[in-house]
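Here is a request for a careful reading of a protein chain, in which each label is set against the rule behind it.

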Amino acid sequence: MRVVIFGGTGLLGSSIRNNLEKKKISCFVSSLTKKSDFKSNLLSKKKIFNFLKKIKPHVIINCSGETDVNLCNKNFDEAYKSNVKTIKNIVFATEKLKKSTYLIHISTDQVYDSIKPSEEDDVSISNNYGASKFLGEIEARRLNNSL
């Protein structure tokens, strides 16, 4: 099995990679750092597609995005670019592969304005960060094989 992890050098992505590699699963990491297999420009559909075409992943795990809540709340354009446009491009490239690739998109609990457990449909967005992450979730759901 081959897995691509976008945002794979961050805290969550690197933890996922370590756990998968312990199970002898091939991981290919994409991030903005040199420590990755693909130094990502997730704003380029073509570069994403070429990377995915080369790797032919069975699973894509998207941990990428802007996680600085204050930055996102101050600058929705930056939040949109990092948390929506990038997943749109990943979905586009995945669809273009014409392969049954499963997408796991990591979002945030900030799409629920509550401290108690929430159901999937209990969306209550209270800031730009939550809004951008929720819009990213909508993009990820365009793929039939997504979570």
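The questions below concern a predicted model, and they ask on what grounds its residues and pairs receive their labels.

Q: Why is I60 called buried?
A: The label buried requires a relative accessible area under 20%, and I60 has 0%, so I60 is buried. This residue is found in strand 4, and, leaving aside residues up to four places away in sequence, I60 touches V4, F6, L52, I90, T94, T101, Y102, L103 and I104. I60 and V3 are 57 residues apart in sequence, and their C-alpha atoms are 5.7 Å apart in space.

Q: Why is K98 called exposed, and where does K98 lie?
A: Exposed means over 50% relative accessible area; K98 reaches 77% and therefore counts as exposed. K98 lies in the loop between helix 4 (76–97) and strand 5 (102–105).

Q: Why is K56 called partly exposed?
A: Partly exposed covers the range between the limit for buried, under 20%, and the limit for exposed, over 50%. K56 has a relative accessible area of 43%, so K56 is partly exposed; its place is the loop between helix 2 and strand 4 (59–62).

Q: What makes the phi of K56 worth a remark?
A: Most residues other than glycine have a negative phi. The phi of K56 is near 55°, a positive value in a residue other than glycine, and the phi of K98 is likewise positive, near 55°.

Q: Which residues gather in the patch of positive charge on the surface, and how do you know that K46 is exposed?
A: The patch gathers K46, K53, K56, K96, K98 and K99. K46, placed in helix 2 (residues 45–55), has a relative accessible area of 62%, so K46 is exposed by the cut-off of over 50%.

Q: What makes the pair of E78 and K81 a salt bridge?
A: A salt bridge requires a side-chain nitrogen of Lys or Arg within 4 Å of a carboxyl oxygen of Asp or Glu. The closest N and O atoms of E78 and K81 are 3.4 Å apart, and the pair forms a salt bridge. Both residues lie in helix 4, three residues apart, about one turn of the helix. E78 counts as partly exposed at 25% relative accessibility, and K81 counts as partly exposed at 35%.

Q: How do you know that E95 and R142 meet in a salt bridge?
A: The N to O distance is 3.5 Å, which falls within the 4 Å limit, so the side chains of E95 and R142 meet in a salt bridge. The pair links distant parts of the chain, with E95 in helix 4 and R142 in the segment after helix 5 (128–140), 47 residues apart.

Key: Residues are numbered from 1 along each chain as its sequence is written. This is a predicted model: local features need pLDDT of at least 70, side-chain atom pairs count only at pLDDT 80 or more; totals for chains, interfaces and linings use all residues. Side-chain values use heavy atoms; hydrogens and water are left out. Patches are made of residues with over 30% relative accessible area and no salt bridge: like charges are joined within 9 Å, nonpolar side chains (Val, Leu, Ile, Met, Phe, Trp, Tyr) within 5 Å. Accessible areas come from the Shrake-Rupley method with a 1.4 Å probe; for residues, only the protein chains shown count as cover. Lys and Arg count as positive and Asp and Glu as negative; His and the chain ends are not counted. The place of a charge is taken as NZ of Lys, CZ of Arg, CG of Asp or CD of Glu. Helices (H or I, at least four residues) and strands (E, at least two) are DSSP runs, numbered from the N terminus. Buried means under 20% relative accessible area, exposed over 50%, partly exposed in between (1.4 Å probe, protein chains only). Contact means heavy atoms within 4.5 Å.
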